[in-house]
Amino acid sequence: MGFDMHVHTTASDGKLAPEEVVRLALDLGLEGLSITDHDTVNAINPALQIISQRRLRLELIPGIELNTEAGTNEVHILGYYLDHNNRSLLLKLQELKRARDERAYKIVARLEELGLPLDLERVKEHARGEVVGRPHIADAMIEKGYVSSREEAFEKYLDHGRPAYVSRYKFPPREAIELIKGCGGLAVLAHPGLIDDPALVAEVIAMGVDGLEVYYPQHSDVQTSYYLRLAEENGLLITGGSDFHGPNEGNKLGAVQIARSSITAMQKRLHSR
């Protein structure tokens, strides 16, 4: 078994606590994983602690997924091996959390105008006190019977262009890449196949990312081959992961894995700096 390099917990929009993710990874026989919550590193220390205390045979790579925007496109930048206790990083993440909280308030207000009232405090309870995002609003909508799934909530109300959509805090990809590298980490463009504009992928590569998430559940075979070639042509690291959010929440943990050789390549890139 290998490494799943794209995993979420309750610290952002996942359904399992860090300790539960660690236990599931062990049960599945994974060699390692990276916890890459959206705009937060709050799950990393609890996961590292349980691995250390119980002397578990699981390698945890500190990570993050920073949500950025370039024009009207969402661009997600993964960070690996970053110093998750770095003060500059934590200050920026606090700023992003405040912006997310303000956005959640505005979305809930719009939903109320549409005749779909929600209790903001209940939305925060779905987030378990961590970073509040649209998936938590979707969960509160499911609870109220307005929709039957997160997917329906996004398709009808929360996605870009839908009636309750509110623009996110303007955080450009270049700034996210610089932030990750400033914390000693590697910056990787997440799921490039989900970006509609191929020219934008090229722009992000030119901004100095270290790698591409080539292997991803929603990439077709054609896309995987294309991004593999693109990574090789640009001297970029090749990564992959399941984008796991929890049982019955899409992709299964370990659905996409990379081998130890890819991890070694990442470590060599870090040591060569």
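Helix α3 supplies the largest share of the lining of the largest cavity, four residues. Helices (H or I, at least four residues) and strands (E, at least two) are DSSP runs, numbered from the N terminus. The model is predicted: local features need pLDDT of at least 70, side-chain atom pairs count only at pLDDT 80 or more, and totals for chains, interfaces and linings use all residues. Residues are numbered from 1 along each chain as its sequence is written, and side-chain values use heavy atoms, with hydrogens and water left out.

Two cavities of 30 Å³ or more were found in the structure. The search ran on a 1 Å grid over the protein atoms alone; a cavity is a set of points where a 1.4 Å probe fits but cannot get out. A pocket is an open set with protein on both sides within 12 Å along at least five of seven lines, and lining residues have an atom within 4 Å of a point. Grid points are joined across faces, edges and corners, and a volume is the space filled by probe spheres set on the points.

The largest cavity has a volume of about 90 Å³. Its lining consists of Asp39, Asn67, Leu96, Ala99, Arg100, Arg103, Arg168, Tyr169 and Phe171. Four of these residues are nonpolar, one is polar and four are charged. Here Ala, Val, Leu, Ile, Met, Phe, Trp, Tyr, Cys and Pro count as nonpolar, Asp, Glu, Lys and Arg as charged, and the others, Gly among them, as polar.

The second largest cavity holds about 40 Å³. Arg100, Arg103, Ala104, Ile107, Val132, Gly133 and Arg134 form its lining. Helix α3 gives the largest share here too, four residues. The classes are three nonpolar, one polar and three charged.

Helix α3 (residues 87–113) also packs against helix α5 (residues 134–144): their axes come within 10 Å and cross at roughly 35°. Axes are lines fitted to C-alpha atoms, for helices over the stretch in contact, and angles run from 0 to 180 degrees between N-to-C directions. The crossing is right-handed, the near helix being turned clockwise from the far one by less than a right angle. Arg103, Ala104, Ile107 and Leu111 of α3 meet Arg134, Ile137 and Met141 of α5. Contact means heavy atoms within 4.5 Å. Five of the contact residues are nonpolar, none is polar and two are charged.

Two or more lining residues come from each of β3, β4 (73–80), α3, α5 and α6 (150–158). The lining divides into nine nonpolar, 14 polar and 15 charged residues.

Seven strands build an open, mixed sheet in the order β1-β2-β3-β4-β5-β6-β7. Strands β1 (3–7) and β7 (237–240) are the edges, each pairing on one side only. The average twist from one strand to the next is 35°. Two strands pair if DSSP finds at least two bridges between them. Strands β2 (residues 32–35) and β3 (residues 59–70) pair in the parallel sense over four bridges. Ser34 has Ile61 of β3 as its bridge partner.
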